[in-house]
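Please keep the sequence and the coordinates in view while reading.

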Amino acid sequence: MSISLLVPASLITTSAVAATTTLTIDSWRTDDAKIWKDILIPIYEKANPNVKLVFAPSPSNEYDSALSLRMKSKTAADIVMCRPYGLTKALIKDKHLTPVTGLPGLQNFTKQSQQSWADAKGVPYCMPVASVGAGFYYNKNIFKELKLTVPKTQAEFIGVLEKIKKNGKYTPLVATGLSADSWALDQLGLQLVGPYYWKGDAGGVALDNGKRKVTDPEYVAAFEALASWKPYLPKAFSSVSYSDAEQLFILGRAAIAVDGSWSVKEMAPPGSNVGVFGAPVAKAGDKPYVQVLADFGFGINAASPSQVEAKKLLTWFSTKEFGQALANNLPGFFPLSKEKISIDNKTAQAWLNLRDGAIVTAPIGMDKMNTGTPNWFSVTTNLLNVMMTTKMTGKQAAAELQKSLESWYPPQKKK
Amino acid sequence: MRRRRRQLLLFTAPALAFFLLFAVFPLLSTIYISFYQEDVFVGLQNFVFLFTNDEASERLIYAFLHNCQFFLIAASIQLPTALCMAALLTSGRVRRMTSFYRTLLFIPTTLSVVIVGFIWRLIISPLWGIVDYPLLGEPATALPTITLMSVWQYMGIPMVFLYSALIAIPSNIIEAAQVDGASDLRIFFRIKIPLIAPQIGIITILTFIWTFNGFDIIYALNGGMPGPDYATDVLGTLFYRTFFGWGADLGNQNLGAATATVIFFIILLGTTVYFATVQRRLKASQL
């Protein structure tokens, strides 16, 4: 830049101008800034010396409002990290994002992984990048001490919890009970154990189009499966925050913790003896369901002057090279691409292995049923928190949720 | 005379401009946008929705009741305690280090709300702290607990108010009473309290305004959907959630402005009623 200022304009060749293309990337992953800056970005800049990448994240809980304001005032970054559903759908509606249709690399992804960033017609607006999953971490040392085996069915799961409880030395299962963190009971609770009962994505679609109700047996069973944890949770559960729950497990005071793959580094630090298992099934031999949540993708700001370079970068995000680098440097975040990758982190690999032989599914309710008031997410998280901290049963919780949907969601309205 | 008026205007102009720009203008523009919905004039529709929609009106009423509870607990604990502290500091019974105690009692006020919330949450945590009961997790105790944290933090402000009012009482009155043989308790109730009555009134109304604008400690502890089951939801958090959104909710600026307008009128009404009925009679006893 400084050199070009000293040289007469006529001497600047086109390549020198191209050398100054700077792409800014906005993100809510402030924790990962160092990894982007030191590892991921240099890989790309080395192969594309004409591009300079700047990773400029904002804190996660400010990201949504900050980004929509910056989009409105045309000061947003060239590349923005896309949240699944919510904010991204609003940005698409207001034409702030460039469609990524036909971009090479997009064929590496399933339709499933594109739907959280597509408009009503199915046109994709973000390149899917990373997914996360939910499941159970277990302390192998405690399992060995109490001679327990990893449970596969709901009955085995309750049996294991019962044995740990009887022994009395450890909290059998930690989850999040504090209402401020009640998102966890949804994503790391209902959406973890539920898909098996409501048959994955089909169950979500059936609710979306009003063919089934939340009070139907398959959804009630999901609520009841979550409610079955109640006797095994830590004391004073209603005050256990998400980080309290993690601490209890890390300190070895709890045998099993329900958490996300994104916590691999904290929950299974090097030298620990921690394993992972997925949601239990009701009948032995049934195929398990594994939740894969599209966590982030990247989209192009429609107002960015460098559309061509931005598209090139998005294509790189779809490659195996980037996927491999992401999976190894951010353990617990998995590339959404269909390409097979291997991961150095043992526990992160165990998370990925959960998907083998399982039916992959996305959380339900997050799209259409979140567009009105009161939205699915607020109602569900609140109800799950009440259900897990009081005597409310799964059936009652499901009935309340259905009542709330009937109050505004057209396909579910009483005819 | 005319010149004097011009001078007055000149000297108040900066403060007036500041006040108009940062208090009056935002207030009026809030009321203005509360009549719109996505840039279309809708009249009172936002307000009708707030008061008649089942979900919205329930939240609004509960938030209002929680604010009343917040105010009643705060006023009934903060004021007497602050008065006792100020009385003790000015009584002459604390012979040494009066300013040390005064500073000590004022320190929590200078702390960040986030720190206060964090420290108290750890202290009362059943897992790591000293209380074996989920105070913040039970709907019945959650709001009183948060109120007490806030009372603890802001105790210093009414204390300093009352302290300065108490030391302003001329010592000859007290001495005269002592010569007449009045006990300390009698002096306190019959002489000091009547003389600082207007300050007590002002503190009450300030507590009313603070608690009805209350937001920060609840948001710091419980986020934008303050549970359990909305048990700690106040007007401030309701406004935040409506205006900025929370979780999957992206927020609605016009509805949020309507909520803010409702809060403004609640506070305006409360303050007016108070000044019209109580404060006018709370004249300091004539010396």
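Chain A is divided into domain 1 (2-131 + 294-345) and domain 2 (133-292 + 362-412), with bounds that come from an automatic or database domain assignment. The model is a predicted one, in which local features need pLDDT of at least 70 and side-chain atom pairs count only at pLDDT 80 or more, whereas totals for chains, interfaces and linings use all residues. Residues are numbered from 1 along each chain as its sequence is written, and chains are lettered from A and ligands numbered from 1 in the order in which they are written.

The C-alpha centres of domain 1 and domain 2 of chain A lie 32 Å apart. Nine residues of domain 1 of chain A are in contact with 10 residues of domain 2 of chain A; contact requires that the C-beta atoms of two residues, placed from the backbone, lie within 7 Å. On the side of domain 1 of chain A that touches domain 2 of chain A, there are four nonpolar, five polar and no charged residues. Here Ala, Val, Leu, Ile, Met, Phe, Trp, Tyr, Cys and Pro count as nonpolar, Asp, Glu, Lys and Arg as charged, and the others, Gly among them, as polar.

Between the chains, 28 residues of chain A are in contact with 22 residues of chain B. Helix 5 (86-93), helix 12 (242-250) and helix 17 (376-389) of chain A each supply at least two residues of the chain A side. Helices are DSSP runs of H or I with at least four residues, strands are runs of E with at least two, and both are numbered from the N terminus. Helix 17 of chain A gives the most to this side, with six residues. By class, the chain A side divides into 11 nonpolar, 15 polar and two charged residues.

A residue is buried if 20 or more other C-beta atoms lie within 10 Å of its own, exposed if 12 or fewer, and partly exposed in between, with C-beta atoms placed from the backbone.

A:Val193, in helix 9 (residues 183-198) of chain A, is buried because 27 other C-beta atoms lie within 10 Å. Leaving aside neighbours within four places in sequence, A:Val193 is in contact with A:Ala222, A:Ala225, A:Leu226 and A:Ala279.

Chain B comes to 12 helices and two strands, and buried residues make up 33% of its 287 residues. In helix 5 of chain B, which of the residues are buried? They are B:Val116, B:Gly117, B:Trp120 and B:Arg121. These residues lie on the same side of helix 5 of chain B because they cover an arc of only 125° around the axis, taken from the directions from the helix axis to the C-beta atoms. B:Trp120 counts as buried because it has 22 C-beta neighbours inside 10 Å. The buried residues of helix 5 of chain B pack against helix 4 (98-110), helix 6 (139-154) and helix 10 (216-222) of chain B. The face turned away from the buried side carries the exposed residues B:Ile115 and B:Ile123.
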